[in-house]
Amino acid sequence: MRTRFRPDRQLTARMVFTMFLLGLVYVAFVAALIVLIKSVFVVVLIAGGLLAAQYWFSDRIALYAMRAKVVTPEEEPRLHGVIDRLCATADMPKPRVAVADTDLPNAFATGRNTRRAVVCVTTGLLRRLDTAELEGVLAHELSHVAHRDVVVMTVASFLGVLAGLVLGVLAGLVARFAFYSGLFGGRGRRDGNDNNAYLVVLLVMVVSVVVYAVSFLLVRALSRYRELAADRSGAMLTGRPSALASALTKVSGEMARIPTRDLRTAEAFNAFFFAPALGSRASLSTLLSTHPTLQRRLDQLAAISTELGGPAPNP
């Protein structure tokens, strides 16, 4: 899809590299599952089915999880008006527009392609931002759609979800093996077979842990860069980096006022959110964070403002 968002070759290269590495890890993971289940058909059916479901229904899953609903221009004229202007400026198809009724100030984009794309904002964000700030946030989210990194993040995050699911199931099997072994104390050939099965399960558990850790780190590294890329593209599209900087500062500050329970509920969406749902005392290393630091994002926007010949952002 050609749009007026500037092409980001570094983002494209990082997405290709991440998917290549995850593909290698995925092959190793599937091979380990085949050793455990001893059926290529069953493994491919389960893994392929789950991946297809997440890919095809990612937009519905995300909206359902956030309790969001698609809204019409009559229901949200201000929101639709801003997106209409941005899509016309970017020369891109208009995505569906959704609103989640929560005080958490945030936004995200989802969908497997531009035709199924959805840009969702929360009522908390709409209440707190003025029109210029809202425009900056929505330009950021539309950049994700235009650069297709939403789809890549959806697929990339799947492997970690699958590995975590398998790890949980295997942990239950190990506990059951241990229980029955202690209860009945099997011997002979049967005991040898049980031990072999036990070792296979442990091997697949180790592979699952490695797969989960690798996919976790790769997805977060990609997530941090794509947020910087979306900030840059959104600011260049609107020509007002200061408005986006103001929105970032305001949203990050308001997160401290959101109840911890609500932040934990939304934590699973952090890799897709405009700003991470973290409290003021949250402390994550750069390696584990889904987003760059606020200061890093503001510094980039200040540099863009200087490039455009305007005043440096001063939220």
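The expected span of a helix is 1.5 Å times one less than its number of residues, where helices (H or I, at least four residues) and strands (E, at least two) are DSSP runs, numbered from the N terminus. The structure is a predicted model, in which local features need pLDDT of at least 70 and side-chain atom pairs count only at pLDDT 80 or more, while totals for chains, interfaces and linings use all residues. Residues are numbered from 1 along each chain as its sequence is written, and side-chain values use heavy atoms, with hydrogens and water left out.

**Exercise 1.** Work out what span the 15 residues of α9 should have, and compare it with the distance between the end C-alpha atoms.

*Solution.* At 1.5 Å a residue, the 15 residues of α9 should span 21 Å. The end C-alpha atoms of α9 are 21 Å apart, which agrees with that expectation.

**Exercise 2.** Locate E254, decide whether E254 is buried or exposed, and name its contacts.

*Solution.* Begin with the position: E254 belongs to helix α9, which covers residues 241-255. Next, E254 has a relative accessibility of 16% and therefore counts as buried, a word that means under 20% relative accessible area, with exposed meaning over 50% and partly exposed in between (1.4 Å probe, protein chains only). Finally, when neighbours within four places in sequence are left aside, E254 is in contact (heavy atoms within 4.5 Å) with P105 and R128.

**Exercise 3.** Describe how helices α4 and α6 are placed relative to each other.

*Solution.* Two packed helices are described by the angle between their axes and the distance between the axes. Axes are lines fitted to C-alpha atoms, for helices over the stretch in contact, and angles run from 0 to 180 degrees between N-to-C directions. The axes of α4 (residues 77-90) and α6 (residues 131-146) come within 10 Å and cross at roughly 55 degrees. The two helices are therefore oblique to each other, since angles under 35 degrees count as roughly parallel, over 145 as roughly antiparallel, 65 to 115 as roughly perpendicular and the rest as oblique. Among the residues that meet, α4 contributes L79 and V82, and α6 contributes L134 and L138.

**Exercise 4.** Find the loop that holds R67, and state its phi and its accessibility.

*Solution.* R67 lies in the loop between α3 (58-65) and β1 (68-70). Its phi is positive, about 55 degrees, although R67 is not a glycine. Most residues other than glycine have a negative phi. With a relative accessible area of 76%, R67 is exposed.
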